[in-house]
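I opened this model to look up two things.

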Amino acid sequence: METEHRDFFPCDNSYARLPARFYAKLPPVRVAAPRLVRLNEDLARQLGLDPAALSTTDGVAALSGNRVPQRCEPLAMAYAGHQFGMFVPQLGDGRALLLGEVIDRDGVRRDIQLKGSGRTPFSRGGDGRATLGPVLREYIVSEAMAALGIPTTRSLAAVTTGETVARVRPLPGAVLTRVASSHVRVGTFQFFAARGDVEATRRLADYVIARHYPNAAGAENPYLALLGLVCVRQAELIAKWMLIGFIHGVMNTDNVSIAGETIDYGPCAFMDAYHPDTVFSSIDHGGRYAYGNQPRVAQWNLARLAETLLPLIAEDKATAIESAQEALTIFAARFDAAYIDGIRRKLGLLRPEPGDISLADDLLKRMAANGADFTLTFRGLCETASGVPAHETARLQFADPTVFDEWAVRWRERLAREATEPAERRAVMRSANPAFIPRNHLVEEVIDAAQDKGNFAPFETLLAVLAKPYEDFPEFARYAAAPRPDQVVHQTFCGT
Ligand code: AMP
Ligand code: MG
């Protein structure tokens with residue numbers, strides 16, 4: 001392995017300084033013919049990196065794993081996890097490597113990870129590779145989430161490898177460069193707790209406190225404070241998913257970021273027609289990770305985190321359990337608060353009233369019964385609320401529009417009690433109800449063009465539209481529309 005002498009990533013690698021049992025250090029596996037598909041230049045600059053340098057042949061060699069830039073110390077992180085409720089004591093980065101950490105322009109430490117960089121000691125039966133489809137999907141959806149204002153890992157670059165990867169059929173190989181606040185997961189804590197390695201659990205907790213939750217350090221019980229703060233970030237994150245119609249698809253504990261970012265985009269999807277039971281993931285047979293189950297699952301995952309922290313919280317087990325259970329209750333309180341605040345904004349109800357939740361629930365119930373498109377209904381309400389009488393987008397989402405009309409009578413009565421100016425209300429509603437989300441049929445269309453025809457123009461156009469999800473682009477109306485019946489995607493796949 002050659003070491004590239006240019007400083008593409010001016011890294012300072014705090015994770016590599018943790019004890020050796022936290023990871024396996026190894027270089028990426030070379031690929032045949034790397035080609036840059038896309039570099040996220042804005043993000044590169046935000047990270048203090050030079051987009052021009054990253055676009056050169058040497059830069060692309062770094063982004064594909066063919067050269068390890070100076071100051072990078074590639075490593076595969078160890079973690080465990082509950083997958084669909086079953087505990088797996090060893091997972092780990094089987095097809096990814098942490099290259100190192102950079103300090104961004106705001107002084108925040110960010111991980112730079114290659115995904116699809118070859119086999120590691122954690123690969124088990126896998127080939128360590130990623131294919132172009134899932135790489136483009138993660139790029140599109142993570143960048144859309146960021147533009148929507150939802151905490152998420154980011155995509156810095158996508159490259160094709162010039163190699164074919166064996167899946168159900170041979171597919172083009174690709175590598176994604178992913179950026180995260182960190183890649184520490186609930187499953188990272190579980191890895192050490194399952195081995196009874198209290199010392200490592202404590203080291204990890206101290207690391208996480210220093211990096212993500214410095215306020216916990218001064219608390220009377222820092223580890224209990226840490227648990228509470230992780231719960232708060234998860235509660236706020238899941239509320240944002242619910243308010244935008246996002247379904248993660250694989251909320252296993254190894255896919256839950258301790259920093260509270262959406263991570264590991266696999267068979268994720270945005271709902272078209274609203275229904276709480278919606279599931280897209282081809283591997284989620286029981287609907288464990290259905291849209292409406294997400295808050296409950298998040299709490300279950302946090303309870304697994306709490307278990308790993310018990311020995312740190314108190315010496316006496318009963319005391320530790322009692323304190324942890326008490327700390328976990330903050331999830332429900334903070335989720336409800338964030339969700340209620342968000343749904344009020346979506347409906348233009350800016351001065352809280354006690355009946356608001358039942359008004360919102362009633363709308364959702366009617367939407368579910370009438371196959372109403374989640375995004376178009378709420379976006380349509382922005383115009384309906386500003387009194388454009390001919391504006392029918394929202395009501396026309398309902399199989400029976402009179403079902404919407406009945407609800408709208410009560411909503412208008414409620415709006416009449418609002419003192420807010422219509423213009424202000426419209427602005428708030430438009431900032432809570434996007435026009436553009438990465439709809440499944442659009443993502444599939446982009447992947448098909450890239451994979452089958454080598455045409456990346458549709459990928460670029462979709463990214464440009466999704467970068468400004470709250471604006472209206474009449475020329476891109478097609479991207480806001482719900483799928484026609486023949487375009488509806490019913491299942492999404494991990495593609496691993
Ligand atoms: P994920 O589906 O991304 O949450 O991955 C679950 C686990 O499977 C992680 O330990 C991954 O590293 C591993 N994994 C997924 N795909 C591959 C692959 N192609 N090769 C090796 N390991 C993989
Ligand atoms: Mg994962």
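**Metal site**

I checked D264 first: at 12% relative accessibility, D264 counts as buried (under 20% relative accessible area; over 50% is exposed, in between partly exposed; 1.4 Å probe, protein chains only). N255 counts as buried too, at 11%. I then looked up the magnesium ion (ligand 2): N255 (OD1) and D264 (OD) coordinate it at 2.0 to 2.1 Å. Donors here are N, O and S atoms within 2.8 Å of the metal (3.2 Å for Na, K and Ca); water is not among the atoms, so sites may look incomplete.

I noted that this is a predicted model, where local features need pLDDT of at least 70, side-chain atom pairs need 80 or more, and totals for chains, interfaces and linings use all residues. Residues are numbered from 1 along each chain as written, chains are lettered from A and ligands numbered from 1 in written order, and side-chain values use heavy atoms, without hydrogens and water.

**Domain 2 against domain 3**

I looked up the bounds: domain 1 is 3-183, domain 2 is 184-433 and domain 3 is 440-487, from an automatic or database assignment. The C-alpha centres of domain 2 and domain 3 lie 26 Å apart. Domain 2 brings 13 residues to the contact and domain 3 brings eight (heavy atoms within 4.5 Å).

I counted two salt bridges between domain 2 and domain 3 (side-chain nitrogen of Lys or Arg within 4 Å of a carboxyl oxygen of Asp or Glu). R430 and D472 form a salt bridge, 2.9 Å from N to O.
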